[in-house]
Amino acid sequence: MDLLNTLVDKGLRRELPTREEALAVLATSDDDLLEVVAAAGKVRRQWFGRRVKLNYLVNLKSGLCPEDCSYCSQRLGSKAEILKYTWLKPDEASKAAAAGVAGGAKRVCLVASGRGPTDRDVDRVSQTIEAIKEQNEGVEVCACLGLLSDGQAGRLRSAGADAYNHNLNTSEGTYGGITTTHTYADRVDTVQQAQAAGLSACSGLIAGMGESDADLVDVVFSLRELDPDSVPVNFLIPFEGTPLAKEWNLTPQRCLRILAMVRFVCPDVEVRLAGGREVHLRSMQPLALHLVNSIFLGDYLTSEGQAGQADLDMIADAGFEVEGAGTTTLPAHRAQAGGGCGSHDGGCAPCGDAPTEAAAEPSGIPAARTDLVAVRRRGAGTDVAPNA
């Protein structure tokens with residue numbers, strides 16, 4: 001297929017595809033799916049070989065968020081029956097992190113619900129970062145605390161944070177229909193503050209919220225322009241009790257096409273398969289490893305993932321290997337330059353207003369697998385062991 005040959009050539013040169021080419025990937029048929037995966041896999045292997053980076057989430061503070069993000073089980077007004085608790089103490093968070101590190105995680109992601117941290121919260125998280133680093137030599141720590149105020153990114157960096165996550169989530173044009181309590185521009189500003197402070201920027205998207213193909217391409221092209229080091233791709237988990245509970249728009253095939261498009265647009269970035277993979281990719285998860293080079297191990301913030309050992313078995317069975325702590329994730333040209341997700345002529349960006357065009361519903365879409373959405377009841381904030 002000429003399209004795929006062109007995209008592979010561009011990916012190997014870190015050249016930005018056209019919007020039309022990115023849209024064409026999303027429009028390919030299921031009959032061509034394996035060809036799409038194979039093509040994007042060539043780009044993935046060029047920059048990351050067969051390595052898979054493992055990341056582990058620790059939810060420092062769960063639920064009761066004042067923001068109204070429609071996709072989130074922790075949002076204002078959410079009726080989802082999730083775990084709710086206030087800040088974990090540094091030793092509790094460090095213990096939770098140790099479970100992920102023992103399971104093979106190279107990066108620990110510290111997440112807290114809320115609009116953004118107070119200065120006292122930054123002090124608290126700084127103590128947690130120091131405790132984790134002291135007990136787990138060589139581990140990377142990424143903070144995800146919401147919108148940052150001036151100076152907070154620098155303080156987190158001084159405490160030992162390696163990265164900061166703040167996703168754009170959807171296109172700028174659809175953002176206002178998903179969230180009203182902050183703006184797309186607020187999200188872009190936070191990512192740029194993290195970059196300015198010397199933190200590795202992590203910013204991605206959520207697919208499956210009713211967006212169009214054009215919206216997906218918009219947000220990925222915005223991310224390319226913003227130039228983060230890591231791009232997590234989440235697939236909406238439609239929690240009962242949230243406004244998007246009925247949005248079951250994804251098939252495993254569509255998820256793979258989305259991941260392939262992200263890889264072609266951001267060829268040498270750490271593309272991370274994030275929340276929702278078990279729910280939407282299901283038995284086709286191993287194919288995604290040919291597109292992404294990073295996944296989360298075990299559970300997520302408020303939902304359960306498959307067991308950590310199952311993740312490790314999947315990686316080995318698919319012919320990939322877990323990335324060791326002594327290996328630099330990013331290709332040399334990116335690591336030396338301090339980040340970015342492609343050639344340094346473009347970038348990635350945040351989300352936007354209400355969806356302007358409904359996504360075309362795939363023909364023959366299977367019944368929604370609501371049975372696969374399981375609320376997390378173990379790990380951080382509980383007395384039950386995690387599943388890493």
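**View 1. Arginines R50 and R19 over aromatic rings.** R50 lies over the face of F320, 4.8 Å from the ring centre. R19 does likewise with F221, at 6.0 Å from the ring centre. (A charge sits over a ring if NZ of Lys or CZ of Arg is within 6 Å of the ring centre and within 35 degrees of the ring normal.) A quick note before the next views: this is a predicted model, where local features need pLDDT of at least 70 and side-chain atom pairs count only at pLDDT 80 or more, while totals for chains, interfaces and linings use all residues. Residues are numbered from 1 along each chain as its sequence is written, and side-chain values use heavy atoms, with hydrogens and water left out.

**View 2. The pair Y175 and Y184.** Searching the whole structure turns up 2 aromatic pairs. In this one, the ring centres of Y175 and Y184 are 6.1 Å apart and the planes sit at 65°, so it's edge-to-face. (Rings of Phe, Tyr and Trp, its six-membered ring, pair if their centres lie within 6.5 Å; planes under 30 degrees apart count as stacked, over 60 as edge-to-face and the rest as tilted.) Y175 is buried at 1% relative accessibility, and Y184 is buried at 7%. (Buried means under 20% relative accessible area, exposed over 50%, partly exposed in between, with a 1.4 Å probe and protein chains only.)

**View 3. The pair F296 and Y300.** Here the centres of the F296 and Y300 rings are 6.3 Å apart with planes at 80°, so this pair is edge-to-face. Both F296 and Y300 are buried.
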